[in-house]
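Subject: A structure for you to look at

Hello,

Here is the structure I promised to pass on to you. Please have it open while you read, and my notes will follow below it.

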Amino acid sequence: MCGIGGFVGKRVVDPGQWGAMLAALKVRGPDAQKAVLWDGSLRETSGAGTAGLLHARLSIRDPRPEADQPMANAQRDIWICFNGEVYDYEADREELRRQGYAFRTTSDTEFILYAYEAWGDAFVERLRGMFAIVILDLRRKRLFAVRDRLGLKPLLYYADGDNFAFASTLRALLPYLGDHARIAPEAIDAYLAHRYIPAPLTLAQGVRRLANGTYLTWEFGRGVPLELHAYWRPTSLVAEFQKTLDHAVALRTASDRPVGIFLSGGIDSAVVASSLVRQGYTNITAFTATFPGTAYDEGPQAARMAQALGLSHRAIPVEPRLADDFDRIVADLDEPFADPSALPLWYLARDATKEVKVVLGGDGGDELFAGYKRYRQHLRSRWRGSVTMALTHDGLPWEKPARWREELGLTWQEAYVLRFSGLSPAVRRYLQPDLRAMPPVHWQGFPSSQKGVAALLDIDFANYLPEYILRKGDLCTMAHGLELRAPLLDHRFVELVTGLPPNRRFTRPAKALLVETCQVCQDEGLLTAKKRGFSPPLNRWLREDLFARLPDLGKRLAAATHGQLEAQRVETLVAAYIGGFDKLAEPVYQLLVLDAALRSLGLAA
């Protein structure tokens, strides 16, 4: 688990620029930082270069310096920068040994490097795990970049025809862009719509986010455009359910550093914990974010489950002092990201990393088994299909909030996004009166004809899961040098689940098949328990910790976005909230996050 970055092309990048890129990656890899540079003739050099690979390492597998990156093959003409973990590659490594490859380390990095050398681009089909990989093939003057199937690891890139640059975060790419870095207007609107910036957009013009399950190739210096290739769609896997689940969990215990688990009071993390114990992995600590005295505190239930399973348990009270930590958290989330649940996750990771360097989590269960109540709610209106009907009302757009008015102006699939969106299309139009027409939603990958729960899950797998849930998990944990692993998103387990008959996969209540594997879930009655979720005290935060940031918020955002957000209209919204319109808490929080993120990144419109 690391931070990666680099560049190749005609531009000469000086040490100040690539040094700033590497410094921005250090938070993701505190154990070692290293750069390798090449000149215009692709000879290794120091100082300025036209090509470079940058790596900040969090040492999990084979922590010796021999396993540091960037790593080269024996001839030093193929180089790799890799972020993530791959598992279950031992048989393939033995095959490479039989072909004559000599391994100096036990790291997965070296296996990936030689797998590419031996099998070309097809090597990615053999990888099992989470990864963002960039390979610089100097023999062929070719760059290869790939992101894992589900999107657990991030990869952003910039390309202008003559030059290519990449990094794990936007913050690490901005030094390469230098004075040319500009805000993308559509990204601001996308953020307002969704509380984050969906792929392939990023906040910066010209910077794209590589989609999950995709690889990119570029033959540099030859005038050949880069090419994108989707390499994975789930196919049905027939296998025994619990055995496949247990294997996915067991694989993710591989580490030369201490391992823990994030345990909430819900089904998904309890299933992972039960699988660990069932297989004899009991020397693992469970960590739970607790909110003492609140209705959404899962601490007592998690403690009971940990005790029943025989796991050590650490309850971590989340009592955020947002006035002290807000700017740091916003910066660690890289681009604007306004999900309030990121706050307790950030605090949980901060404390867990004092004891472990790897944690397992339960991400993916809701998306695999249709666990969110929004699925059932939206299915009630699927009769509407693509029929739309635009309705208007007078007055300020938040004075008569009626989601159904907005939904009727969209297709049934587009309207699904509004069930957990940020600002409504009407409020976005009000705050950005001079912005050219923008789409009502910025998500992609809507199935063309499906209207059932499978269509909604496809939408989530293309958007919500990789770029919201998994991005949040990656950034909050990596901010503290902690690696988060998601066994339920093992791609073979995903293929098994997506191939199940609907009556086994989509049960009422949801996740019955998972609960069958988890005795502690049954003992706690989790199958029929009401899903709590996390309802953060936004009003208290905004009216106490963050209140001092509200004055002149409109002026600051108008200046930062070159007038895209209209100052007086932002101030009108904020004044309505201060005056007691509490339903505007989330929009105000979104705007505060945007303000802090733009200042932190130093981007201008």
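Leaving aside its neighbours within four places in sequence, which residues is S600 in contact with? They are R171 and A331. Please keep in mind that this is a predicted model.

More on S600

You will find S600 in helix α25, which covers residues 585-601. With a relative accessibility of 30%, S600 counts as partly exposed. Its side chain makes a polar contact with the side chain of R171, at 3.0 Å. If you look for E66 as well, the C-alpha atoms of S600 and E66 are separated by 35 Å, and the two residues are 534 residues apart along the chain.

The aromatic rings

Searching the whole structure turns up 29 aromatic pairs. Take Y372 and Y375 to begin with: their ring centres are 5.8 Å apart and their planes stand at 45°, so this pair is tilted. Both of these residues are buried. Y375 also pairs with Y416; here the centres are 6.2 Å apart and the planes are at 20°, so the pair is stacked, since planes under 30 degrees apart count as stacked. Y375 belongs to helix α12 (residues 373-379) and Y416 to helix α14 (residues 412-417), so their pair ties together parts that are 41 residues apart in sequence. The relative accessible area is 2% for Y375, which is buried, and 0% for Y416, which is buried too.

These rings belong to a cluster: ring pairs link Y196, F337, Y372, Y375, Y416, F420, W443, Y464 and Y468. The charged end of R374 sits over the ring of Y375, 5.4 Å from its centre. Elsewhere in your view, the charged end of R11 sits over the ring of Y176, 4.0 Å from the ring centre.

A sheet and its helix

Next, have a look at the open sheet of 6 strands, whose order is β5-β6-β7-β8-β12-β13, with antiparallel pairing. At its edges stand β5 (71-72) and β13 (227-230); each has a single partner strand, so one side of each is left without a neighbour in the sheet. Within the sheet, β7 (residues 129-137) and β8 (residues 142-147) pair in the antiparallel sense over 6 bridges. L136 has L143, in β8, as its bridge partner. Helix α3 (residues 108-119) packs on the sheet and touches β5, β6 (78-86), β7 and β8. The direction of α3 makes about 125° with that of β6.

N212 is in the loop between β11 (207-209) and β12 (214-218). Is N212 buried or exposed? At 19% relative accessibility, N212 counts as buried, because the cut-off is under 20%. Its side chain reaches the backbone oxygen of R149 at 2.9 Å. Not counting residues up to four places away in sequence, N212 touches R147, D148, R149, L150, G151, F461 and P466.

A mostly covered helix

Finally, turn to helix α18 (residues 491-498), where 6 of the 8 residues are buried. Those buried residues are H491, F493, V494, E495, L496 and V497. They pack against α6 (241-251), α11 (365-369), α16 (453-462), α19 (502-505) and α20 (512-515). At the start of α18, a side-chain oxygen of D490 comes to within 3.0 Å of the backbone nitrogen of R492.

Enjoy exploring, and do write back with any questions.

Best wishes

Key
Residues numbered from 1 in each chain as written. Predicted model: local features only at pLDDT ≥ 70, side-chain atom pairs only at ≥ 80, totals over all residues. Heavy atoms only, no water. Phe/Tyr/Trp six-rings, centres within 6.5 Å; stacked < 30°, edge-to-face > 60°. Buried < 20%, exposed > 50% of the residue type's maximum accessible area, 1.4 Å probe, protein only. Helix = DSSP H or I, 4+ residues; strand = E, 2+ residues; numbered from the N terminus. Lys NZ or Arg CZ within 6 Å of the ring centre and 35° of its normal. Pairing = 2+ DSSP bridges. Contact = heavy atoms within 4.5 Å. Axes fitted to C-alpha atoms, helices over the stretch in contact; angles between N-to-C directions. Polar contact = N/O pair within 3.5 Å; in protein donor to acceptor, adjacent residues only side chain to side chain.
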